[in-house]
Every structure is written in C-alpha cells, then in structure tokens.
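The sequence and the structure are shown first.

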Amino acid sequence: MPLGQGTIRDEIWNQPISAILESLGATAAGLSRTEVEARRRHYGLNQPQAHRRRPLWLQFLARFLNPLVLILLFASGLSAATGNVTSFVIVIVMVVLSVTLDFVQEMRAENAVEALRRTVAVRVQVRRDGAEVSEPVDRLVPGDVVRLAAGDLVPADCRLIDARDLFVNQAMLTGEPYPAEKRVDAPATPVQDPGEALNTVFMGTSVISGSAIAVVCRTGDATAFGQLSGTLQAPPPPTAFELGVRQFGFLILRLTIFLVLFVLAVNVLFHRPWLESLMFALALAVGLTPELLPMIVTVTLARGAMRLAQRRVIVKRLAAMHNVGAMDVLCTDKTGTLTEATIRMVRHLDFRGEESERVFRLAYLNSCFESGIKSPLDEAILAYRTLDVTGWQKIDEVPFDFERRRVSVLVADGAERLLVVKGAPEDVLRQSTHYEGEAGVEKPLDPAARAELDALFQMLGADGFRVLAIASKAMGPEHTSAALGDESELAFAGYAVFLDPPKASAMAAIHALTGAGVAVRILTGDNERVTRHVCTELGLTVTGLITGDDLRAMSEEALRARLAKVNVFCRVTPAQKERVLLAYKRSGRVVGFLGDGINDASAIHAADVGISVDSAADVAKEAAGLILLDHDLSVVHEAVMEGRRTVQNVTKYILMGSSSNFGNMFSMAGASLFLPFLPMLPTQVLLNNLLYDASEAGVPLDHVEAEALAKPVQWDLRLIQRFMLVLGPVSSLFDFLTFYTLLHLFNADEALFQTGWFVESLATQVLVIFVIRTRRSPWLSRPHPVLAGLTLGAAAIGALLPLTPLGAFFGFVAPPVSFYLFLGAAVATYLALVEIAKRLFYRYVAPRQRTLRRRPAGAGT
C-alpha cells in the first residue's frame, strides 16, 4: 500500500507534484480495479463522517434509549425480583416487538429512498485500468486520477496535474464569492491557508469554467471539507413540517408527564401497591407517547418518494415532500421548461440584417475555443455547420459570468490575433464603439447606427428569436493574455439568431398547476421581447414584468409590494433570482425553483423546494431536493399532488392519536380516581399500544380525496390542537359511560372490567380511523385495503384474545356473550358521535383557521 492521506503532509499544495504522485502510486493510466478495492477497504467511502449512516445494530439499540422505555424495563425488572416473572417477560416481549416494528418499517423506507437517491448521485470521470469511466463520487480513493469540467463539483482534495483556464468557486472554503483561478504552475511560495493554494482544488468547491486533470490526495474526513464538519456539514434548518411534528411531540409529552404524575399520586394516596402503580403509570406513559410518529412520518414520506420515482421524479431529501405539498409559488426558467430546449441556430446577420459568413465564423471560433460549460446556444452554433479551425489556436480566455453576460476568447492564426466576444446584445453593444460595415470596413457606432441595431434586435425578439451579439477586437502580437479591460472599444459584427419553440405540454402543465393553487412565475436571463412572445404562444397572460435593471433600482419593500401583480422577471442575474425567491418567502409564500445550470444553484438552494433535472450541472443537482429525470413541467404537478397526499396521511395519524388515543388514556387516568383497582394492567396497556401501532402501519398507503389535494397543504399545529380539544372529550365522555355500564349492568369484577375495557378501548381507538381519515361521510370514502385489513385485524385480535388460552397470560377473562352485543352497539354509537363531532368541527371550528400561515423573515429550508 503506498503512502496515503494519513501520511501526506497537510500542506499538499506545497509539495512537488512528482512527490505527490510517487507517494500515492498514481500514474496517468489511473489505478487498477484491484488496487481501488484494496484502498477503499483501507480508507473507506469518500464521505465525510456526518454523511454516513450508523451501523444497523447501533440504530436498533438506540431506540431503547427512550427514557420511558428504560424506566419501564427497570421497573419490570424489580417486579421480576419480587416474584412476578410473568409480568416481566410480557413487558420485555411487548417492548421488543414494538421497537422492532418501528425499526423494520423505518429501515425499509429509508433503504428504498437511499436506493432512489443513488440513481441521481453526483458522478465523476475517473481513470481506471487505462480507461476513463464515470463513477459515483463516494467510490473515489487516494491516487485516483479524475477529469474536471465546468459545472462539476470537486469530489475530493486534489492536486492539479493539468489545467486549462480553470476557475473554481470556493466560497464554501474561503467565503470569497468570486471565482479563483487555479493552475498547475502556481508559484512555489509556501502558504498555510488552503484558500491561497493555487495548484489544489478542494472537496465541495465547484468548477465555474475551464477543465483539469487532477490526482485525488485526500478523501472523506481527511479533506478540508470533512474537517469542517461542525460548521459546513451542520444539518439544514428544519422545515415547517419538521418543526410542527416536533412541537406536537412536545405537546403530548407535557400532557403525558402530567397524567403520569397524577395517576402515580392518586394510587399512592389510596395506598395501592407502589410497584404495580409505578408499572401502570409508566405503561400509561408509553401508551400516550407518540413513539410511532417518527416511523409513520418517515414511512409516509418514503412511500410518497417511491410513488414519485415511478413518475421519474427522484426525491433526494424526504423533508422536501412536505414543502412540495405546501408550495404555492413555482419559479422556473424558460428554456427547457416552457420551451423544447432543442435550440437551433437559424441565421447569422450583419448590421443590415443580411446573412454574414463573417458573423458565423466569429461565433464559431468563440464557441469552439470556449473552455467553460457549453450552453445550448454554443452547441447550436457548433452543430449548425462545421468550420475548419485547424489554423487557429487559443491564446487565452475571459470566462463567462452572469454579471457581464459575455465570454471572450483570444485567438490567433498567424496572420491576425483577435479577441472574439459573444454575449447578451445589450452588454456587447455597450462595450462596442465601431461596427463592421460593408466590405469589412469599420465605422463609428454613432447614435443612428445604434438605433438601427437596436431596432433589428427588438424585431428579432418580437418574433420569438433568441439573439447573441458577436463582436471582435484586433490585438497586437504582444498580447499573450486576455483581461476584462480588453473588452472595450469592440467592433460590433452582428447577431447570431436562434429558435427555441414553445413546448406543447407546457400550457397544460401551467394550467394544471394554477388550478391546483400554485402560481407559476418565470425567471429568465432572456430579454422581455422573447419572453413575451413565448408567453403569448403558450396562452400565458403577462400580468406584470420586471427586468434586472428594474430590480437593481428597487428596495426590498417595493419588490414585495409588486410580487402579487408580476409573473415574469427578465434579464435577471443569479443573485437577482435568489433575491426574488427570498422576497416571496418573506411574504409568507412557500416557493419552489426549477433550474439546471451553474447560475441556478444559489436560487435552488434558497428556495423552499429546490428542483433540478438529471442532466443538470453537478452544483445544481447537489443543491436540489427533487431531481426530474424528464425536463417536463407536468411532472412537477404530479410531485405537488404527491406531496399533498403525503402530508394529509401524516395528519390522519396525528389527528387520530391526538383525539381517540389521547381520550382513552385520559379516561384511564380519570378512572384511577374512583376505581379500587387499576383500570388496566400494565401489560394490558402495553399490548393495547402494540396492537394500535400495528394497525396504523397502513396509514402511509391510504387514499386521499381529490378535494383534500385541491389547495396547498401546510402543517397546522393549532388546527390539530383544536381537533384534540373537540374530539378528545367525546372519546372520554363515551369511556366514562362504558365504565358505568361495566360496573352497574355487568357487575364486573377487577378482571372482567379490565378485559372489557381493553377490548372496547382498542376497538374504538383503531376503528375511529375510518371516520377521521376523511372529511366525507365514512361510507363514501374507501380506505386502502391494507389499512382496512390491519385496522379490522387489530380490533378482531383484541376482541378474541380473551377467549383464548393466551389471554390468561395478560390477565384477561372470557366476557359473556352479552358483552360482545354491547360492544357492537357501543362501537357503532361511538363512531356515530365522532362523525357528528367531526362535521361540526370542520363546519364551525376549522374555517377560523387561516389556510396560509405567515412565516417570519428568512424562514425556510
């Protein structure tokens, strides 16, 4: 094994490249597959520690660290020590079964989502056995030789072997927003700060332009990124959904603590056996605690993610499912979303609007020698017609950026040396002082000529054509490099004209999203004339339009005031896209952004719902929560519906747990005040909880009615609290009527009371899901067969268990036949009461809730 990342000095940028290659055993042909596997076993996966999952056995054992479970196990151990071994065994079995059910369900869901996520994992070109192959980033090892290009994320800490016009965004490492140039022949002056190392690129940074060959020196935790795990790898801020679930858990926990202390105090006051009272109080706490909530949330979100995968949408982060369902504004670029993205170059015009071979040659030279990521316009130029450029060579380049909106390439063919500039017409014209007239004679670009060129540009835009301006500048032989200052006093050559027709499916997708309560907003770098033409072709009314120049002059308050009336933003930079998204978020909207370029990464990251496509730049894919395998707006509508369905199913479980389950447990605590015995044995409480948990495993699969999906769905804890306050008393009132019936009509002793109460409480607790799961009448909405089967099965097991020999182990006795007749009537009456209370709640209480809650400034994911 050659020297690796543990033995290379930290300052890998201060060592000669030959020493680095020798210590790593790296060659130009790359490592062999056998050597790669050996190194992977030695170094592990190329993932920082914070991104790795703990071993399964540790995850399983961690579920027993719940304080309530630990205290319950301790108390049951004391019970065994006093001779009650049967109770101890039953408690252990109940706890293990409950934890295992939770663990298996959640692990299956997470593994399924992880498998989907790996299908869109960031990959890198790496040399293996002399051939260049594409591998997932986490499969790299020290000594691998990788190829980097514009748009790539740097996969590890790498030393450059070869580089061409390489510019890297390393704001993650240094905080500096401007790209840094990297080169192999960097000065040998020793530096201590990685940000100053010009011959090294670091994990997590991204390539803005140029290309490079580099050798991997450090992976995983040994990288500069891995060593900053406490800050850079901190988990993202919780979503509104995650916060809501957490707040609900704390609410139930506070109520649980109060009821447990109350029950324990009452039993001690009445001089009941302290150990049995403690066991009952703890079992009651376990029954009240929503320990199944994390599993239900994870499984429901995962099921939604898997259904979306069937529609060719990959969910990278499960929390994004809620935000998709809550999204009420979708911002999208125009190209590829509203248009076909099959851009074709159709004309190359001079100052008179006539075809010009000179314009095409200059455009071809610029696109051919540009080392940055090739845009669709570059590809269209190169595909239009092939030119012989063997006599030309590239001297230098000023890479494209989204503030200048142009790229310049310095080229020479021996006879002449030219700076060829290609970019947005407004910006190129601003830098031009001359134009190429007839016979190539340069003429001053006076106001009249500018007006003519601008009129030609506007006419092309009004006809739906996209336009690039082409200009050049003769440079002397002494110029061996190009700089920003050279982009002045240009000679304007003409326009390259492109056609990108509207997408046929876009109109239907926009109407579907609008009908579902999601407002579509266009954010594009194109000019307003082209954008208006596309909107007209799609039948999309432009209610208001803001340009990038307008945004620069606007205050935040002015921008927010105009958001409601504006649906198109043109000629906007990446920073301005992000600014618009943040303005929507501060206005209380849940905003999504669909983009695929380097320039879209910051906006994708800033949005509540970041959406990209599988063919996008690495930085865009990494920032996104959803990846579309098809660049089609219609699948976004499918994702919105699935997100809403997911949140609705989670809400069903919580509404059920916060009403019926809580009401039953509250009734148990109240019964302690007047019963001379425990209303249910501790083991019976645990069994009740286990059967209840098992019955709810089908909730993630349940159907959701169309009316529940018609509008954005947001988490509303206040609505849940009110539901609990309205429906909980109904459950408790019915419970106390049941107590009276058992004691005075059946003359129940301790065992019969506990048996009857167990059977009746479990039946009402699980069967109420058929009422709560829908706002319709229960008989008009069919549940999923799995949910129906599990629910009816749990109720049947609870009813029949006392009639079996196994029931005696739990302290049950066989009830009389008349009890089961009473049970049927009681359950039917209870469900009818809940249905009436539900209808009253949704008619008179729920409408008072605001459907869209305002968030504090800066809130989001």
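Two strands are taken to pair if DSSP finds at least two bridges between them. By that criterion, strand 12 and strand 13 (residues 417–423) are paired, because seven bridges join them. The model is a predicted one.

- Strand 12 spans residues 406–412, and seven of its seven residues are buried.
- Burial applies to both faces of strand 12: Arg406, Ser408, Leu410 and Ala412 lie on one side, while Val407, Val409 and Val411 lie on the other.
- Strand 12 runs antiparallel to strand 13, and within this pairing Leu410 stands opposite Leu419 of strand 13.
- The two strands form a hairpin in which four residues separate strand 12 from strand 13.
- In the turn of that hairpin, Gly414 has a positive phi of about 95 degrees.
- Strand 12 also pairs with strand 11 (residues 393–401), in the antiparallel sense and over six bridges.
- Opposite Val409 of strand 12 stands Glu397.

**Packing of helix 26 and helix 30**

- Helix 26 (residues 750–767) packs with helix 30 (residues 817–845) at an angle of about 30 degrees, and their axes are 10 Å apart.
- The crossing of helix 26 past helix 30 is right-handed.
- On the helix 26 side, the residues that meet helix 30 are Gly756, Val759, Glu760, Ala763, Thr764 and Leu767.
- Their counterparts in helix 30 are Phe819, Leu823, Val827, Tyr830 and Leu831.

**Aromatic pairs and a charge over a ring**

- The structure holds 20 aromatic pairs.
- Ring pairs link six residues into a cluster: Phe674, Phe677, Phe736, Phe739, Phe753 and Trp757.
- Arg529 lies over the face of Phe457, at 4.7 Å from the ring centre.

**Surroundings of Phe674**

- Phe674, one of the residues in the aromatic cluster, is found in the loop between helix 23 (633–671) and helix 24 (682–695).
- Phe674 counts as partly exposed because its relative accessibility is 42%, which falls between the limits of 20% for buried and 50% for exposed residues.
- With residues up to four places away in sequence left out of the count, Phe674 touches Phe736, Phe739 and Leu743.
- Phe674 and Val266 are 408 residues apart in sequence, whereas their C-alpha atoms are 9.8 Å apart in space.

Methods. Residues numbered from 1 in each chain as written. Predicted model: local features only at pLDDT ≥ 70, side-chain atom pairs only at ≥ 80, totals over all residues. Heavy atoms only, no water. Buried < 20%, exposed > 50% of the residue type's maximum accessible area, 1.4 Å probe, protein only. Phe/Tyr/Trp six-rings, centres within 6.5 Å; stacked < 30°, edge-to-face > 60°. Lys NZ or Arg CZ within 6 Å of the ring centre and 35° of its normal. Axes fitted to C-alpha atoms, helices over the stretch in contact; angles between N-to-C directions. Left-handed = near helix turned anticlockwise from the far one by under 90°. Contact = heavy atoms within 4.5 Å.
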